[in-house]
Amino acid sequence: MAAVLKATKRDDRGSRKATYLRRAGKVPGVIYGHQLATTAVTLDMMDVASALKHHERLLEIQLEGQSENVLIKDVQYDTFGEKILHIDLTRVNLDEVVEVTVPVVLRGVPAGAVEGGVLQQLQAEVTISVTVRDLPDDIRVSVAEMKVGDRLLAKDLPLPAGAKMLDDAEEIIATVSVVAEETEKPAGEELTQPEVITERKPADGGDTK
């Protein structure tokens, strides 16, 4: 189910107006696609942040008494990657097929952990094609049966019905392996002693004053 966000149209453009909106707790954005005119909108900052935090991709935008389904196409952040500056939304139909990047969430503790195995996730997300109606927030997979030496590949991930993996099927998502321990210093090896510099004696043995 799509998250529902309320939006209002905005007519004023420019960086000064956008800055004013952000200070007021709003996010400037645009809605485009499906050969319709691009609409400049304003959304609530907290609503947008919540949708992003929960990995929402599909949104239902309520604008001037009408609703339309959109996908989050792009989000711009400030230099520190914290504050949302702008959001791009593209119109979609629930039955159309789209290409999206989806996070991969590993669940459980691998069986190989009892042998000293460590789970390492090499890829945090994958790209799939799927209908908007079946678009997942993330792809969750259990790693409980993975033993030392096992690998989780892109083709092993559980996808929604009708979805297709667009990444290389043999791409390694995660592994379970034993991390090599740091080798100890060989017994008997002595540390190199620093050179001790003493006061130099005069060549003729005379007074140093």
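Which side chains meet in a salt bridge at 3.2 Å, N to O? They are those of Arg140 and Asp138, and we will come back to them below.

## About the model

This is a predicted model, in which local features need pLDDT of at least 70, side-chain atom pairs count only at pLDDT 80 or more, and totals for chains, interfaces and linings use all residues. Residues are numbered from 1 along each chain as its sequence is written, and side-chain values use heavy atoms, with hydrogens and water left out.

## The barrel

Let's start with the fold. A barrel is closed by 6 strands in the order β1-β3-β2-β6-β5-β4, with mixed pairing. From one strand to the next, the twist averages 45°. Strands here are DSSP runs of E with at least two residues, while helices are runs of H or I with at least four, all numbered from the N terminus. Two strands count as paired if DSSP finds at least two bridges between them. In general, strands of a sheet pair through backbone hydrogen bonds, either parallel or antiparallel.

Strand β2 (26-33) shows both senses of pairing. With β3 it runs antiparallel, joined by 7 bridges, and Lys26 stands opposite Asp44 in β3. With β6, β2 pairs in the parallel sense over 4 bridges, and there Val30 stands opposite Asp88. β2 and β3 also form a hairpin with 2 residues between them, where His34 in the turn has a positive phi of about 60°. Because 6 of its 8 residues are buried, β2 is largely enclosed by the rest of the structure; buried means under 20% relative accessible area, exposed over 50%, and partly exposed in between (1.4 Å probe, protein chains only).

## Helices on the sheet

Helix α1 (residues 15-23) lies across β2, β3 and β6 (84-91), running at about 120° to β2. Helix α2 (residues 45-53) packs on the sheet and touches β1, β2, β3, β4, β5 and β6. The direction of α2 makes about 100° with that of β3. Contact means heavy atoms within 4.5 Å; axes are lines fitted to C-alpha atoms, for helices over the stretch in contact, with angles from 0 to 180 degrees between N-to-C directions.

## Salt bridges

The count comes to 6 salt bridges, each a side-chain nitrogen of Lys or Arg within 4 Å of a carboxyl oxygen of Asp or Glu. One of them joins Lys9 and Glu64, with the closest N and O atoms 3.6 Å apart. Lys9 lies in strand β1 and Glu64 in the loop between β4 and β5, so this pair ties together parts that are 55 residues apart in sequence. Lys9 is partly exposed at 47%, and Glu64 is exposed at 59% relative accessibility. On the strand side, Lys9 stands opposite Val41 in β3.

Asp95 and Arg133 form another, at 3.0 Å between the closest N and O atoms. Asp95 sits in the loop between β6 and β7 and Arg133 in the loop between β9 and β10, so the pair ties together parts 38 residues apart in sequence. Asp95 counts as exposed at 59% relative accessibility.

## Back to Asp138

Asp138 is found in the loop between β9 (125-131) and β10 (139-142). With a relative accessible area of 15%, Asp138 is buried. Leaving out residues up to four places away in sequence, Asp138 touches Val102, Pro103 and Val105. Its salt-bridge partner is Arg140, at 3.2 Å from N to O.
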